[in-house]
Amino acid sequence: MSYTTRVVQVTNVSPSTTSEQMRTLFGFLGIIEELKLFPPDDSPMPVTSRVCFVKFREPESVGVSQHLTNTVFVDRALIVVPFAEVKKAKAAPSLMAESGRLPANREM
């Protein structure tokens with residue numbers, strides 16, 4: 001299967017997992033251009049689960065990385081899915097500005 005995206009979303013990541021651990025795990029599957037873990041490693045707030053986005057150099061790594069779904073890492077079974085990349089638009093006009101006023105809520 002051919003992928004147009006180079007990004008995967010990894011959910012159900014253990015709160016004790018670090019970005020370096022994720023980089024090591026996914027680094028075996030392809031060259032990583034960018035990796036973001038949310039909330040970040042230095043976040044002071046308590047979390048019950050984390051989410052990680054991994055951007056590979058090659059789109060083929062996306063298909064390979066999906067094989068890690070249900071792999072227990074630290075203490076949780078990971079869920080890995082392709083994630084569509086969003087290209088930044090060139091000063092696109094706001095939809096709200098073009099649509100005018102929204103209809104008011106009416107009681108029935």
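## Terms and basis of the model

Two residues are in contact when heavy atoms of each lie within 4.5 Å. This report uses that meaning throughout for a predicted model, in which local features need pLDDT of at least 70 and side-chain atom pairs count only at pLDDT 80 or more, while totals for chains, interfaces and linings use all residues. Residues are numbered from 1 along each chain as its sequence is written, and side-chain values use heavy atoms, with hydrogens and water left out.

Ser16 sits in the loop between S1 and H1. Setting aside residues up to four places away in sequence, Ser16 touches Gln21 and Val74. The C-alpha atom of Ser16 is separated by 8.8 Å from that of Ser49, although the two residues are 33 apart along the chain.

## The chain as a whole

The protein chain has three helices and six strands. Helices (H or I, at least four residues) and strands (E, at least two) are DSSP runs, numbered from the N terminus. Read from the N terminus, the elements follow the order β-α-β-β-α-β-β-β-α.

Of the 108 residues in the protein chain, 26% are buried. Buried means under 20% relative accessible area, exposed means over 50%, and partly exposed covers the range in between (1.4 Å probe, protein chains only). The chain exposes about 7,900 Å², and carbon and sulfur atoms supply 58% of this area. Accessible areas come from the Shrake-Rupley method with a 1.4 Å probe; for residues, only the protein chains shown count as cover. Among contacts between residues at least 6 apart in sequence, 67% join residues at least 24 apart.

## The four-stranded sheet

Four strands form an open sheet in the order S2-S3-S1-S6, with antiparallel pairing. The strands at the edges are S2 and S6 (79-83); each has a single partner strand, so one side of each is left without a neighbour in the sheet. From one strand to the next, the twist averages 20 degrees. Two strands count as paired if DSSP finds at least two bridges between them.

S3 pairs with S1 in the antiparallel sense over five bridges, and six bridges join S3 to S2, again antiparallel. Elsewhere along S3, Lys36 is opposite Phe53 and Ile32 is opposite Phe56.

In S3, the covered face holds Arg50, Cys52, Val54 and Phe56, while the uncovered face holds Val51, Phe53 and Lys55.

Helix H1 lies across S1, S2, S3 and S6 and runs at about 140 degrees to S2. Axes are lines fitted to C-alpha atoms, for helices over the stretch in contact, and angles run from 0 to 180 degrees between N-to-C directions.

## The nonpolar core

The largest nonpolar core has 17 residues, and those touching the most other members are Val8, Val10, Met22, Phe26, Cys52, Val54 and Phe56. At least two residues of this core come from each of S1 (7-13), H1 (19-27), S2 (32-38) and S3 (50-56). A nonpolar core is a set of buried Ala, Val, Leu, Ile, Met, Phe, Trp, Tyr and Cys residues joined through side-chain atoms within 4.5 Å.

Phe56, leaving aside neighbours within four places in sequence, is in contact with residues including Val8, Phe26, Ile32, Val62 and Ser65. Ser65 belongs to helix H2 (residues 60-65) and is buried, with a relative accessible area of 0%. With neighbours within four places left out, the contacts of Ser65 are Val8, Phe26, Leu29, Phe56 and Val80. The side chain of Ser65 also reaches the backbone oxygen of Val62 at 2.8 Å.

## Backbone details

Which residues other than glycine have a positive phi? One is Asn12, with phi near 60 degrees; Asn12 lies in strand S1 and is partly exposed, with a relative accessible area of 29%. Another is Val74, with phi of about 65 degrees. Val74 is in the loop between S4 (72-73) and S5 (76-77) and is partly exposed, at a relative accessible area of 45%.

The peptide bond from Phe38 to Pro39 is cis, with omega near -15 degrees. Pro39 is in the loop between S2 and S3.

Technical notes. Polar contact = N/O pair within 3.5 Å; in protein donor to acceptor, adjacent residues only side chain to side chain.
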